[in-house]
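Here is a short briefing on one protein chain, arranged by topic for a reader who is new to structures. Please look over the sequence and the model first, and then work through the points with both at hand.

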Amino acid sequence: MHSARLDRFRAAELWRALVIGVVVVAYTLLSLVTWPVRRRGRTLADAASEGLVNGFEVLGPTFVKVGQLMASSSGVFPAPLANACLRCLDDVPPVPAQEARRVIEADLGHPVDALFASFDDVPLAAASVAQVHGCVLPDGREAVIKVQRPDIFRRMLVDLRTAYWGARILEKLFEFFRIANATAIIRDLHAATMTELNSAVEADRQTRFRTNIGAFGDNKGVTTPEVYWDYCGPHVICMERMYGLPLDRFPDLVHMDTRMLIRRGVKVWIESVILHGPFHGDVHAGNLWVLDDGRIAMLDFGIVGELPESWRQILRDMFYATLIDGDFSRMARGIRNLGYAQDNDATDDEIGLQVAAALAPLLGRDLGELRLSELIMALIGIGKNWGVASPEELVLFGKQLGYFERYATELAPGWVIGQDLFLFRNVFPDAVAAKARELGVELPDE
């Protein structure tokens with residue numbers, strides 16, 4: 001019985017792989033064929049990119065996620081492709097309301113009309129894995145409920161296994177994919193996806209993140225929705241409703257102190273990474289909102305990272321060196337404690353200089369000029385010196401920095417993350433206070 005199921009699963013993978021190839025090629029060729037008619041100032045690259053994204057949308061959730069990564073990482077992918085993928089962030093067709101209602105009722109055990117004072121059949125937003133419906137709880141609280149798409153688990157599992165096959169082939173054919181460790185990226189995406197499809201884990205991490213925001217008594221300008229646990233289930237999460245607009249609606253934010261907005265958001269995010277544990281791992285524009293009351297909100301905790309304490313310490317050492325004293329040898333000692341660079345004859349100071357040479361120029365620049373591709377390749381280069389394929393934990397961190405680069409370009413030109421004492425006030429309280437006095441800098445209260 002088990003063997004028969006496995007054979008059917010593998011057959012589904014092979015069929016899916018064939019469909020993927022046909023759909024991507026067909027949509028790309030169709031766009032290229034119709035390009036001369038639709039040209040109007042558009043380029044051949046624009047047409048090919050649009051066709052590829054059309055194929056992503058037809059293929060479904062896994063490939064929409066690939067599009068979201070491309071849209072939010074313009075420093076890695078060509079601009080026409082990154083721009084075409086922007087619609088993957090907030091333009092995914094929803095499932096019919098009746099299907100969403102069936103998922104809610106199966107999870108919570110009661111008809112939707114008995115659970116809520118009101119329920120909006122038209123979703124507020126639809127993403128690759130789930131969609132969000134507005135509702136009102138019986139006690140009058142306004143809420144939203146996030147509902148997974150039916151059969152999403154099996155479909156994404158087939159897609160990810162197919163993508164892993166593709167990554168192995170690409171690594172054999174192209175050096176870039178081998179150096180970038182493409183199969184490791186797919187494994188990481190698989191782990192993140194399996195967690196994302198566990199609504200209980202997502203709700204718990206969102207609750208922990210919300211609690212950690214106020215751990216030091218500040219950060220009052222940042223929030224995340226409260227989870228309403230009585231209305232959560234294996235495939236649904238109910239939470240506080242918030243009103244605002246995405247952070248990339250730049251023309252609508254001109255009346256605000258946008259530099260302070262992005263600084264507050266990154267401060268909370270950095271604290272979550274290197275002090276608390278769970279950090280938001282998908283900070284594209286649809287998940288970062290400016291609320292009507294002026295706060296910045298982090299939404300949708302489907303993808304959350306959590307580094308081991310040993311890696312958090314290495315990142316603390318990296319930022320302390322960048323911000324305070326320039327001594328990267330502490331980071332080198334942490335690397336050795338993890339078992340890396342054991343066969344490297346270089347001293348801690350020499351390894352520290354290698355790290356400084358790779359990272360300091362990147363973290364010491366205007367974040368708007370930071371290019372994710374440069375940071376990732378620098379980290380991969382360090383990993384090769386340590387004797388490992390790539391430092392995946394640091395690449396995960398660097399990937400999220402890349403998401404912020406687009407916002408920083410518009411909202412905080414000239415801002416240098418590695419030199420902003422405010423971001424690290426709770427991370428290195430005494431050292432930051434002393435450095436601020438030395439420089440004559442007054443830090444914002446919150």
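Asp-218, Lys-267, Glu-271 and Arg-425 are linked in a network of salt bridges, a salt bridge being a side-chain nitrogen of Lys or Arg within 4 Å of a carboxyl oxygen of Asp or Glu. This is a predicted model, in which local features need pLDDT of at least 70 and side-chain atom pairs count only at pLDDT 80 or more, while totals for chains, interfaces and linings use all residues. Residues are numbered from 1 along each chain as its sequence is written, and side-chain values use heavy atoms, with hydrogens and water left out.

**The chain as a whole**

- The secondary structure of the protein chain comes to 17 helices and eleven strands, where helices (H or I, at least four residues) and strands (E, at least two) are DSSP runs numbered from the N terminus.
- Of the 446 residues in the protein chain, 52% are buried; buried means under 20% relative accessible area, exposed means over 50%, and partly exposed lies in between, with a 1.4 Å probe and protein chains only.
- Among contacts (heavy atoms within 4.5 Å) between residues at least 6 apart in sequence, 65% join residues at least 24 apart.

**Nonpolar cores**

- A nonpolar core is a set of buried Ala, Val, Leu, Ile, Met, Phe, Trp, Tyr and Cys residues joined through side-chain atoms within 4.5 Å, and in the largest one, which has 61 residues, Leu-247, Trp-269, Tyr-407 and Phe-424 touch the most other members.
- Helix α11, residues 258-276, gives the most to this core, with nine residues.
- Apart from this core lies another of 17 residues, among them Ala-100, Phe-119, Ala-143 and Tyr-228.
- If residues up to four places away in sequence are not counted, Phe-424 touches Ile-270, Phe-319, Leu-323, Ile-417, Pro-429 and Val-432.

**Salt bridges**

- Side chains of opposite charge can pair when their charged atoms come close.
- The structure holds 17 salt bridges, and one of them joins the side chains of Lys-146 and Glu-202 at 2.7 Å, N to O.
- That pair links distant parts of the chain, since Lys-146 belongs to strand β4 (residues 142-148) and Glu-202 to helix α10 (residues 199-213), 56 residues apart.
- Are Lys-146 and Glu-202 buried or exposed? Both Lys-146 and Glu-202 are buried.
- Glu-240 forms a salt bridge with Arg-210, with the closest N and O atoms 3.7 Å apart, and here too distant parts of the chain are linked, with Glu-240 in strand β6 (residues 236-240) and Arg-210 in helix α10, 30 residues apart.
- Glu-240 is partly exposed, with a relative accessible area of 21%, and Arg-210 counts as partly exposed at 32%.
- The side chains of Arg-249 and Asp-252 meet in a salt bridge at 3.3 Å, N to O; Arg-249 is partly exposed at 41% relative accessible area, and Asp-252 is partly exposed at 39%.

**Helix α10**

- Helix α10 has 15 residues and reaches 21 Å from its first C-alpha to its last, close to the 21 Å expected at 1.5 Å a residue, the expected span being 1.5 Å times one less than the number of residues.
- In α10, the residues Ser-199, Glu-202, Ala-203, Arg-205, Gln-206, Phe-209 and Ile-213 are buried.

**Strands and their pairing**

- Two strands pair if DSSP finds at least two bridges between them, and seven bridges join strand β3 (residues 130-136) to β4, the two running antiparallel.
- The strands β3 and β4 form a hairpin with five residues between them, and Gly-140 in the turn has a positive phi of about 95°.
- Strand β4 is mostly covered, as six of its seven residues are buried.
- Five bridges join β4 to β6, which run antiparallel.
- Val-147 in β4 is the bridge partner of Gln-131, and Val-147 also stands opposite Val-236 in β6.
- Four strands form an open sheet with mixed pairing, in the order β5-β10-β9-β7, and its edge strands, β5 (222-223) and β7 (244-246), each pair on one side only.
- Strand β5 pairs with strand β10 (residues 296-298) in the parallel sense over two bridges, and Thr-223 stands opposite Ala-297 in β10.
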